[in-house]
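Reader: Please take a close look at one topic, the pairing of aromatic rings, and explain each term as you use it.

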Amino acid sequence: MKFDIIGDIHGCYQELLLLIEQLGYQQQGSIFVHPDNRKLAFVGDAMDRGPESLNVLRLLFALQDENTLYYSPGNHCNKLYRFFKGHPVQLAHGLEMTVAEWEQLPPLEKQQFKKRYIQFYEQLPHYQQFDNDLIIAHAGLKAEMVGKPLSKGIAVFVLYGDITGKFHSDGRPVRRNWAKSYKGHKWVVYGHTPTPEPYFINNTVNIDTGCVFGGALSAFRFPEKKVVSVPSLQPYQPDRFYMYD
């Protein structure tokens, strides 16, 4: 199978439509089909921070309904799930924008959307592994974790990366660069940490190019190992991008 793996969308619905078109997909009803039978895949964090999180999620719901969704959930996906399940979560880091969008829906539609999102999330794998030496995980995956029974450590890693337990001044966790020491032969495609350009190292690529912060929305074409991007329509925030060593 050939995939186009799209980085963190964060509510940038218009850029998502532009990228899907740029990749050569054609809309058929509520889903997208490629003439070369390619498949769309996603590294997670479809929502929060951007202007149209609900529309992005509706697109993903439609793909899931047609059994054509390949999606690795991220920490923002998990937080919205916990919010809808009634757990105490802080309305911050963009979740407040998704919740505000949801609050604007009519009461019945609000309940339907909430129920649909819970169903959506509970059907997602923690990460995706394919027969063609491809792994998609939101924040990454160490080689020694591949194929192991799911543990709390693996579940936390795929959502948050290699966290140290320390935090930046803005509340973001400090993370190690796990990909720098990755030794696996399988390709790991991930996101989570916005970078000015896709970050390639050791059979891994971080495809989150910070669309919601004014960068670009990017897709990694596999097995070709090529990148296709569209520029962001959002204001540029240079301080939100991470520069690897």
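**Ring pairs**

Author: Phe-200 is partly exposed, at 40% relative accessibility. On this scale, buried means under 20% relative accessible area, exposed over 50%, and partly exposed in between (1.4 Å probe, protein chains only). The model is predicted: local features need pLDDT of at least 70 and side-chain atom pairs pLDDT 80 or more, while totals for chains, interfaces and linings use all residues. Residues are numbered from 1 along each chain as its sequence is written, and side-chain values use heavy atoms, leaving out hydrogens and water.

The whole structure holds 25 aromatic pairs. Rings of Phe, Tyr and Trp (its six-membered ring) pair if their centres lie within 6.5 Å; planes under 30 degrees apart are stacked, over 60 edge-to-face, the rest tilted. Phe-61 and Phe-113 make a tilted pair, with 5.4 Å between centres and 50 degrees between planes. Phe-61 belongs to helix 2 and Phe-113 to helix 5 (residues 107-122), 52 residues apart. Helices (H or I, at least four residues) and strands (E, at least two) are DSSP runs, numbered from the N terminus. Phe-61 is buried at 7%, and Phe-113 is buried at 7%.

Phe-200 pairs with Trp-187: the centres are 6.3 Å apart and the planes at 75 degrees, so the pair is edge-to-face. Because Trp-187 lies in strand 9 (residues 187-190) and Phe-200 in strand 10 (residues 199-201), the pair ties together parts 13 residues apart in sequence. Trp-187 is buried, at 13%.

Ring pairs also link a cluster that includes Phe-61, Trp-102, Phe-113 and Tyr-117.
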